[in-house]
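Hi everyone, thanks for coming. I'd like to walk you through one model today, so please have the viewer open.

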Amino acid sequence: MSGDTETAAPAVDCTGLAYAFGETNAVDGLDLTVAEGEVFGLLGPNGAGKTTAIRCITTLLPVPPGMVRVFGRDTARERMAVRRLLGYVPQQLSADASLTGRENVTLFARVFDVPRRERAERVAQALAAVGLADAADRMAGTFSGGMIRRLELAQALVSAPRLLILDEPTIGLDPIARTGVWEHIDAVRAATGMTVLVTTHYMDEADQHCDRVALMHRGRVHALGTPGDLTRGLGERRRAAGATGAPPTLEDVFREVAGSGLDDTSGDFRDVRSTRRTANRVG
Amino acid sequence: MSEAPAAQRTASADRAGSIDLLLRQPEPRAGWRVLPARVIALCAVELQKLRHDRTELYTRAVQPALWLLIFGQTFTHIRAIPTGGIPYIDYLAPGIIAQSAMFIAIFYGIQIIWERDAGVLNKLLVTPTPRSALITGKAFAAGLKSVVQALVVIVIAAALGVALTWNPLRLLGVLVVVILGSAFFSCLSMTIAGIVLSRDRLMGFGQAITMPLFFASNALYPVSVMPGWLQAVSKVNPLSYEVDALRGLLLGTPSHLGPDFAVLAGAAVLGVAAASALLGRLAR
């Protein structure tokens with residue numbers, strides 16, 4: 001891949017992405033383009049296929065060549081090159097409770113080939129960037145839910161990724177901790193200009209922090225645009241139909257898109273169990 | 001949550017801090033240096049964990065101590081097992097070292113399933129780390145932990161009067177043997193983890209294979225006293241080769257060091273290959 005296409009290529013480019021677990025089509029013909037530098041929100045209920053799509057983009061699930069490109073690099077053909085561009089925070093709380101904050105981040109500095117001479121300094125910068133400089137040498141097991149999320153953010157940041165992928169970063173957190181996590185995501189993005197792809201089912205967060213959102217349902221994108229465009233569009237359609245009342249929210253847009261079939265397919269047993277387990281551990 | 005005000009304060013204070021290094025991607029290591037680098041990274045984590053919490057080291061020392069103290073002392077007294085002229089407890093000590101190393105290694109399959117459930121494994125799989133390097137790193141981490149455990153057992157054995165060698169070259173050989181053996185058994189366990197995919201099922205398998213592996217080896221008694229079918233099992237059991245090598249190195253009894261090392265190294269390589277091939281199933 002030449003340097004030219006790389007700079008011109010979007011951060012993420014999915015074309016007809018499909019992935020099935022047995023008979024279930026978790027992602028079913030997903031077309032998605034995330035531009036470099038934007039904060040892109042992938043929204044949808046449990047079981048909409050958000051996490052599966054993320055796992056295809058992060059090379060965790062094998063997809064055929066030509067379906068997913070990250071900065072122009074094919075996730076099937078150039079797996080290692082793609083991984084070097086990614087910082088990934090999975091939905092579960094994935095920091096190691098039996099290591100200190102600093103040791104948790106150092107592990108990721110090592111596996112991303114940060115040379116020894118700058119390792120300590122880079123780890124310290126990543127910890128400081130998420131406000132954990134003072135707590136760095138405490139065991140991660142003593143951290144609060146919000147602090148663990150920020151520690152995981154530091155683990156992802158230490159390799160200077162061009163694309164930060166966050167799967168439900170605020171799940172199970174209380175409102176204040178949620179705000180804290182987003183503050184640091186926003187600050188890091190402002191400072192580094194990296195692209196952020198985030199999944200969430202909190203519409204208010206998407207409204208507030210995402211440049212563009214895609215509403216996913218049953219493995220496909222059903223609406224795409226800036227949160228403002230989407231709510232304005234629905235408002236206009238409602239006015240044209242003669243309706244009055246409060247201006248619609250992103251949640252209303254979502255309800256319109258998803259229709260009535262929202263609850264029967266929202267998340268299988270494993271999905272719900274893992275979500276609850278995460279919520280439980282965040283406390 | 002009480003962290004919120006503190007979080008806001010440090011967030012604004014840190015914005016003044018430099019983040020220049022976080023804007024630059026680290027240079028990829030040359031291909032051949034990736035594997036040793038990942039092995040070192042995962043071994044470093046293992047050492048850090050041991051430093052923070054040594055409980056497991058002590059609790060795991062209880063069982064080998066009991067084997068040596070009770071089983072070893074009693075059978076030394078009875079003289080029921082032909083040991084080629086050395087006290088039975090001396091004969092037993094290398095077997096118990098190999099056993100405690102194997103018990104530690106067998107735990108790694110359960111650990112990797114736990115890491116899968118916790119999201120740790122997925123996160124490591126999204127780093128520029130080939131699956132074989134991740135498995136090799138885990139295998140060597142198991143080896144490192146086993147070596148620490150083996151040292152504890154060696155000290156216990158020495159305290160019980162077992163006439164062990166203190167020749168540094170031979171002790172170095174002991175370390176290599178324990179690392180290779182544990183690498184194999186951890187890979188065996190991670191391979192089964194890749195097949196059964198659930199912690200409960202793996203616990204059952206772990207229980208079902210460890211004791212047979214132990215009894216169908218020369219750890220407790222020489223192969224010559226076994227019935228024919230058990231001798232055949234012992235011949236394909238890497239634990240027997242591990243014990244044979246440990247006995248030769250620690251006690252100076254007749255052994256087959258060359259074939260022992262070859263079998264252990266070959267088994268470790270096969271184990272890494274099998275566990276790496278099945279790791280993808282755990283990521284799904």
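This is a predicted model: local features need pLDDT of at least 70, side-chain atom pairs count only at pLDDT 80 or more; totals for chains, interfaces and linings use all residues.

Chain A has 11 helices and 10 strands, and 53% of its 283 residues are buried. If you take the contacts in chain A with a separation of 6 or more, 69% of them link residues 24 or more positions apart. An unreviewed UniProt entry annotates residues 12-243 of chain A as "domain: ABC transporter". That span is 40% helix and 25% strand, with its end C-alpha atoms 38 Å apart.

Now, let's look at a sheet in chain A.

Strand E9 (residues 212-217) of chain A pairs with E10(A) in the antiparallel sense, over 5 bridges. Ala214(A), for instance, has Leu224(A) in E10(A) as its bridge partner.

On to the two chains together. Here 52 residues of chain A are in contact with 41 residues of chain B. On the chain B side, helix H1 (4-14), helix H2 (31-52) and helix H5 (120-125) of chain B each give two or more residues. H2(B) gives the most, with 7 residues. By type, this side of chain B has 20 nonpolar, 10 polar and 11 charged residues.

Finally, the core. Which residues touch the most other members of the largest nonpolar core? Among its 162 residues, they are Ala154(A), Val158(A), Leu163(A) and Cys187(B). Helix H4 (residues 88-118) of chain B supplies the largest share, 17 residues. Beyond its neighbours within four places in sequence, Cys187(B) has contacts including Ile135(B), Ala139(B) and Ala268(B).

For chain B, the unreviewed UniProt entry lists several stretches as "transmembrane region", among them 96-114 and 147-166. Residues 96-114 of chain B are 100% helix, with end C-alpha atoms 28 Å apart. Residues 147-166 of chain B are 65% helix, and there the ends lie 16 Å apart.

That's my tour, and I'm happy to take questions.

Key
Residues are numbered from 1 along each chain as its sequence is written. Chains are lettered from A and ligands numbered from 1 in the order in which they are written. Helices (H or I, at least four residues) and strands (E, at least two) are DSSP runs, numbered from the N terminus. A residue is buried if 20 or more other C-beta atoms lie within 10 Å of its own, exposed if 12 or fewer, and partly exposed in between; C-beta atoms are placed from the backbone. Two residues are in contact if their C-beta atoms, placed from the backbone, lie within 7 Å. UniProt positions are given in the numbering used here, feature names are shortened, and annotations may be inferred rather than shown by experiment. Ala, Val, Leu, Ile, Met, Phe, Trp, Tyr, Cys and Pro count as nonpolar, Asp, Glu, Lys and Arg as charged, and the others, Gly among them, as polar. A nonpolar core is a set of buried Ala, Val, Leu, Ile, Met, Phe, Trp, Tyr and Cys residues joined through C-beta atoms within 7 Å. Two strands pair if DSSP finds at least two bridges between them.
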